[in-house]
Amino acid sequence: MSRSLDVSLFLVLAVLWGFSFPAISVGLESLPPLLFAAVRYDIAAVILLTYAALRVDDWVPTRRNDLVAVVGGGVFLIGGNGLLFIGQQTVPSGVAAIIQGLVPIVTALWAIVLLGERLSPLGAVGAAIGFFGVGLVVQPDPSNLLGGDAAGRLLVVGQVCSVALGGVLIQRAGPTIERASLVGWSMFVGGFVLHTVSFGAGEFPSPDVLVPTAVGAVVYLGVFATAIAFLIYFRVLEEHGAFEAALIGYLVPIVATIAGVVLLDETVGTMTIAGFGLVVVGFALLKRRSIADAVGTSTGVGSP
C-alpha cells in the first residue's frame, strides 16, 4: 500500500471505531443493552461469514485449535462487550473509549498467566502507571465504590479484562483458519451468548426499537463499526503488524471524545484526560521495544 493509503485506512478505522461509542449511547436510549450488543454482532457475523464463504476456501472451523479459538473469542472477546453496553448506560462515550486504552496492558498481564510470558521491571512500572491512569478515569469513591457512574466505569474495565482475555485465548489456541472466518464465527458465538444472557435477564424489545435513531445505531455498529471496520483492521494488521494496528486504539478515544462532546453534549473532566495520558505513558513503557523497532532503533533492554 502507498503511504497515503496507509494513513487513510488508519484514520478511517479510527473514525469508524471512535463513532461507535456515541452510537452505543444513542442506541441505549431505546434498546436494552445486552440485546443491543447481540444484534450488533448478529449483523456483523452474517456479513463477515458471507464474505468468508465467498472468498475463503476452508472457512468453516473443523480443527480443534480453530474451534477453541472461536469459542474463546466468542465468549470473552465478543461476549464480554456486553459489559461495555451495560456500562455505557451511565458512562459518557468518550470516557468508555478512553478506558479501552488499557486493553494492551491487560493483555500483557493475561499473557504472563496463560502464555508464560515475562514482564520486565520497567514493563511492570508501565502496567502500574496504566492502571493508575485508569484509576483517575474511574475515580471511585472509597466510601461508596458503586456511587455515581463509578459502577458503570468498573463494568467497562471488566469488559476490557474480558476482551484482553479473549485475545490471549485465541493466541494460545494458535488458530490456522483465515482471520475473517475466525472473527465471523466468534461473533456468531458471541451473539448467541449475548442473546442467552439477555433473555435470562428479562430483556425484551419494545416498540422503541423501530425508532430511526435506534435502527441507525444498530446498522452503523453492525455494518460499519464492526464488519467493515474489522476487514480494514485485517488489512492494516497484515501490512504493518500488530503493534502499529494497536496504535489505532489510542486515536479512537480522541475521536470518540470529540464526537461525544459535539454530538451528545458530553463533558470530559481534566482528571479523565490526565488518566488517558498516563495510560498512554504506561503503554509506551510496556511496549518500548516494539516502539523502538517501529522507528528503527534499539533500546538495548529486554522486551516486556
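Val 262 is exposed, its relative accessible area being 61%, where exposed stands for over 50%, buried for under 20% and partly exposed for what lies in between, with a 1.4 Å probe and protein chains only. The model is a predicted one, in which local features need pLDDT of at least 70 and side-chain atom pairs count only at pLDDT 80 or more, while totals for chains, interfaces and linings use all residues. Residues are numbered from 1 along each chain as its sequence is written, and side-chain values use heavy atoms, with hydrogens and water left out.

Val 262 is found in helix α13, helices being DSSP runs of H or I with at least four residues, numbered from the N terminus. A nonpolar surface patch of about 600 Å² of accessible area is formed together by Val 15, Phe 19, Ile 254, Ile 258, Val 261, Val 262 and Leu 263; such a patch joins nonpolar side chains within 5 Å, from residues with over 30% relative accessible area and no salt bridge, and the areas come from the Shrake-Rupley method with a 1.4 Å probe. Helix α13 gives the most to this patch, with five residues.

Thr 257 also lies in helix α13, which covers residues 252-264, but Thr 257 counts as buried because its relative accessibility is 18%. The side chain of Thr 257 reaches the backbone oxygen of Pro 253 at 2.7 Å. Beyond its neighbours within four places in sequence, Thr 257 is in contact (heavy atoms within 4.5 Å) with Gly 94, Ile 98 and Val 268.

When residues up to four places away in sequence are not counted, Phe 36 touches, among others, Leu 28, Leu 31, Phe 85, Ala 217, Val 218 and Leu 221.

Side chains of opposite charge can pair when their charged atoms come close. Here the count comes to one salt bridge, a term for a side-chain nitrogen of Lys or Arg within 4 Å of a carboxyl oxygen of Asp or Glu. The side chains of Arg 63 and Asp 66 meet in a salt bridge at 3.7 Å, N to O. Arg 63 is partly exposed, with a relative accessible area of 46%, whereas Asp 66, at 2% relative accessibility, counts as buried.

Terms used
Helix = DSSP H or I, 4+ residues; strand = E, 2+ residues; numbered from the N terminus. Polar contact = N/O pair within 3.5 Å; in protein donor to acceptor, adjacent residues only side chain to side chain. Patch = residues over 30% accessible without salt bridge, like charges linked within 9 Å, V, L, I, M, F, W, Y side chains within 5 Å.
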